[in-house]
Amino acid sequence: MKTWIPWIGRIISAAPVYICLSSARWKLTHNPWYVGEWQRIGWPLGEISGIALVQIACVTLYVIPQTALLGTVLLTGYLGGAIATYVRMGEPAPVLVPLTTCLLAWLGIYLRDARLRALLPFRRRLTA
């Protein structure tokens, strides 16, 4: 096995961790821009801290090797909710941030975990 593959996965995994923790920080500190965006999309302001804690819990599970797959699934659900919110509003451009974050999380865990690569292998071209 190539030992550099998990390291590439760890590096890629840093991006969704950074994005999600930045978002959680903005929620917990009630960043004025973020609060305005939160209210614009129609979420009650009283829910912002609780959602940030859910986000931190998902990221925590994602970075622990034993629970990384569960964390990835939970992050997918969380980010899917963000995507659904923007789709409901008819705004396609903001969907790219949670979608890209989710894809990077899956790519990161795929490269970090040999068991997942064995479970979901890329098809190789058959030679004649």
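Q: Among contacts in the protein chain between residues at least 6 apart in sequence, what percentage joins residues at least 24 apart?
A: The figure is 59%. A contact here means heavy atoms within 4.5 Å.

Q: What kind of model is this?
A: It is a predicted model, in which local features need pLDDT of at least 70, side-chain atom pairs count only at pLDDT 80 or more, and totals for chains, interfaces and linings use all residues. Residues are numbered from 1 along each chain as its sequence is written, and side-chain values use heavy atoms, with hydrogens and water left out.

Q: How many helices and strands does the protein chain have?
A: There are six helices and zero strands, so the pattern along the sequence reads α-α-α-α-α-α. Both kinds of element are DSSP runs numbered from the N terminus (helices: H or I, at least four residues; strands: E, at least two).

Q: What does the C-alpha trace span along its principal axes?
A: The C-alpha trace of the protein chain spans about 60 × 30 × 20 Å.

Q: And what percentage of the residues is buried?
A: Of the 128 residues in the protein chain, 34% count as buried. Buried means under 20% relative accessible area, exposed means over 50%, and partly exposed lies in between (1.4 Å probe, protein chains only).

Q: What about the accessible surface of the protein chain?
A: The accessible surface comes to about 8300 Å², and 71% of it belongs to carbon and sulfur atoms. Areas come from the Shrake-Rupley method with a 1.4 Å probe; for residues, only the protein chains shown count as cover.

Q: What does L75 touch, leaving aside neighbours within four places in sequence?
A: L75 is in contact with C20, C58, V59 and Y62.

Q: And where is L104 found?
A: L104 is in helix 5 and, at 25% relative accessibility, counts as partly exposed. Not counting residues up to four places away in sequence, L104 touches I12, A15, P16 and Y62. L104 and A14 are 90 residues apart in sequence, with their C-alpha atoms 9.0 Å apart.

Q: New topic: how many salt bridges does a search of the whole structure find?
A: The search finds three. A salt bridge is a side-chain nitrogen of Lys or Arg within 4 Å of a carboxyl oxygen of Asp or Glu.

Q: Which residue pairs with E37 in a salt bridge?
A: The partner is R40, at 2.7 Å from N to O. The two are three residues apart in helix 2 (residues 32-40), so about one helical turn separates E37 and R40. E37 is buried at 16% relative accessibility, whereas R40 is partly exposed at 40%.

Q: How far apart are the mean positions of the positive and negative charges?
A: The mean positions of the 12 positive and 4 negative charges are 18 Å apart. Lys and Arg count as positive and Asp and Glu as negative, without His and the chain ends; each charge is placed at NZ of Lys, CZ of Arg, CG of Asp or CD of Glu.

Q: Last one: what is phi of H30?
A: Phi of H30 is near 50 degrees, a positive value in a residue other than glycine. Most residues other than glycine have a negative phi. H30 lies in the loop between helix 1 and helix 2 and is partly exposed, with a relative accessible area of 39%.
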